[in-house]
Amino acid sequence: TQQEKMADCFTLLRQYNIQKKEIVERDGLIIFDQIAWPRTAKTNYIVYRTGQGAAPREYYTLESLLFLLKNVSLSHPMYVSRAGAQNIPVIKFPDRRGLLAYLNGEVDTSASIDKSIHLEMGIPAPAAKRPNDESHGEGIKKAKLESEDILADKQRLVEKLEARKEAGAITDQIRGLEGMSIEKIAAIRAKRLAKKRATIKTDDDLAAGADHTFMDDTTKEIMSKERSHRTRATVLQSTGKSFSNIFSLLQSVKARDEGKGEAVGKPPQQEEPRHPRNSPAPTHGYSRYDQERFRGKEETGDFKIDTTGTYRGMNLKSVTESASKPKPQVQPAKAPPTHKTNESVRQEVSKPNRKDHRSRTPIVIVPAAATSVITIYNARDFLEDFRYVPSDDKKRGGAKRQNEIFIHRKKPHPTQPGQTVSIPYRVTDNPLRLSPPEWKQVVAVFVAGPAWQFKGWPGLAADGSPVDIFTRIKALHIKSDELKLDSSTQKWDAQVLKISKTKRHLDKASMMRFWETLDKFILKHYSDLRY
């Protein structure tokens, strides 16, 4: 209309947005029915914080306003990201609310509209292209696709189809079905299907089938650069592998299974008496505990070499004389027969061949109560990593309960500066399983509070008090800083370590005090242990 021709692009954009009219973008133009403006045409809406002082004013383009209306549902960061990807100027966030209110008709004017600027006039909208106008372009595209290679593929396909039709037209060798029963026809069909399933196409068949696929130039270029890494032939050949030992392995498995079957069918035999060393050994399989039967003639053949002899301290004359003299046969002394009972044999076997070696690994006992601050679940995190993790969190994380664990404490090397040494400690929550020698390795115990924790311990007082135990085992108690100290713990000689419920950076300081105290205690009472 005449009014639209006289209006500016910003006013028309507001009018079309309020009336929900269609705005077309085509060929770099934004078209309002019969009038069009370039996409970069400037509106009279001033950009935020421009034109202040001597700085010139800047105005938003028609393209940026239309892009904002199309993406008004997006958040501002997402809108900025999409606008930057399409190289469209972005509407600044302070201008967004006022600009949308004006374009949606919520307000009649805005302070950011500059009415003194002369705006660019619109041009008549170009007519839309008809379908017939694109016929020439489509013809060009079709001609481009119809290359010589594709035409050759089509010609080969037509020839193959014609050949199949001619082959199907020859019916001289086909017998009639009048003399065949329905069962015989079904059997022939089933045989044909089974043979078809077992047939694998060869590479020639696959190559022939590939001729039916029409590919454009881009696909052909990609496929020309492809290289075959593996085929079914290379996989079946399995170069570099040998399976020569498969038959021997299968024979050994078969012999083992047959031996088991015979052993199951035979009744249990009584144990035969042990053969003396000089008597011929029974023929059976290899045993590392029966090496005597390989000595003698079998070891050196017919040369009669004494493998246990030596020529140390002998001259040539003595060696030749000793070789010429016959070697006397030494008869083994027969030991008088002794009759031993099963109990005496069991006692001799149970006797140790060496002295018991006492372990030098210190042992630390933690409470078994689930409500304790430190348990077997979080002992490793607390004592080794200097980090407190509640036992409930460890259980929810899938930690499994163990009777005892080993932790490794890292400390500076005493003789090599800059190096560290790792010292193992054994942590358990079941002290009743400790043997008397292991009780001499217990250096510390974490006290939970109640006295029943020490029930059954060696060295307990008559009234059940563990005061005497704490003279040879260092007692420690861990409590949260907001909880009150237990009354029983106050009476005992136990060092209290406080931890915060939320401040995890203080855990390391508490554990450093624990290790410092424990080192002094071990040095004073258990200097023979590792610490």
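Student: Let's begin with a helix. Which residues in helix H5 (residues 93-103) are buried?
Tutor: Buried means under 20% relative accessible area, with exposed over 50% and partly exposed in between, using a 1.4 Å probe and protein chains only. In H5 the buried ones are Asp 95, Arg 96, Leu 99, Leu 100, Ala 101, Tyr 102 and Leu 103. Keep in mind that this is a predicted model, where local features need pLDDT of at least 70 and side-chain atom pairs count only at pLDDT 80 or more, while totals for chains, interfaces and linings use all residues. Residues are numbered from 1 along each chain as its sequence is written, and side-chain values use heavy atoms, leaving out hydrogens and water.

Student: What do the buried residues of H5 pack against?
Tutor: Look for contacts, meaning heavy atoms within 4.5 Å. The partners are H2, H3, helix H4 (76-85), strand S4 (42-46) and strand S5 (59-61). Helices (H or I, at least four residues) and strands (E, at least two) are DSSP runs, numbered from the N terminus.

Student: How do I read a pair of packed helices?
Tutor: Two packed helices are described by the angle between their axes and the distance between the axes. Axes are lines fitted to C-alpha atoms, for helices over the stretch in contact, and angles run from 0 to 180 degrees between N-to-C directions. Take H2 (residues 9-18) and H3 (residues 62-70): their axes come within 11 Å and cross at roughly 15°. Under 35 degrees counts as roughly parallel, over 145 as roughly antiparallel, 65 to 115 as roughly perpendicular and the rest as oblique. So H2 and H3 are roughly parallel to each other.

Student: Which residues of H2 and H3 meet?
Tutor: From H2, Cys 9, Phe 10, Leu 13 and Asn 17 meet Leu 62, Leu 65, Leu 66 and Leu 69 of H3.

Student: And how are H3 and H4 arranged?
Tutor: They pack at about 135°, with axes 11 Å apart. That angle is why H3 and H4 are called oblique to each other. Ser 64, Phe 67 and Leu 68 of H3 make the contact with Tyr 79, Arg 82 and Ala 83 of H4.

Student: Zooming out, how many helices and strands does the protein chain have?
Tutor: There are 20 helices and twelve strands. Of the 531 residues in the protein chain, 26% count as buried.
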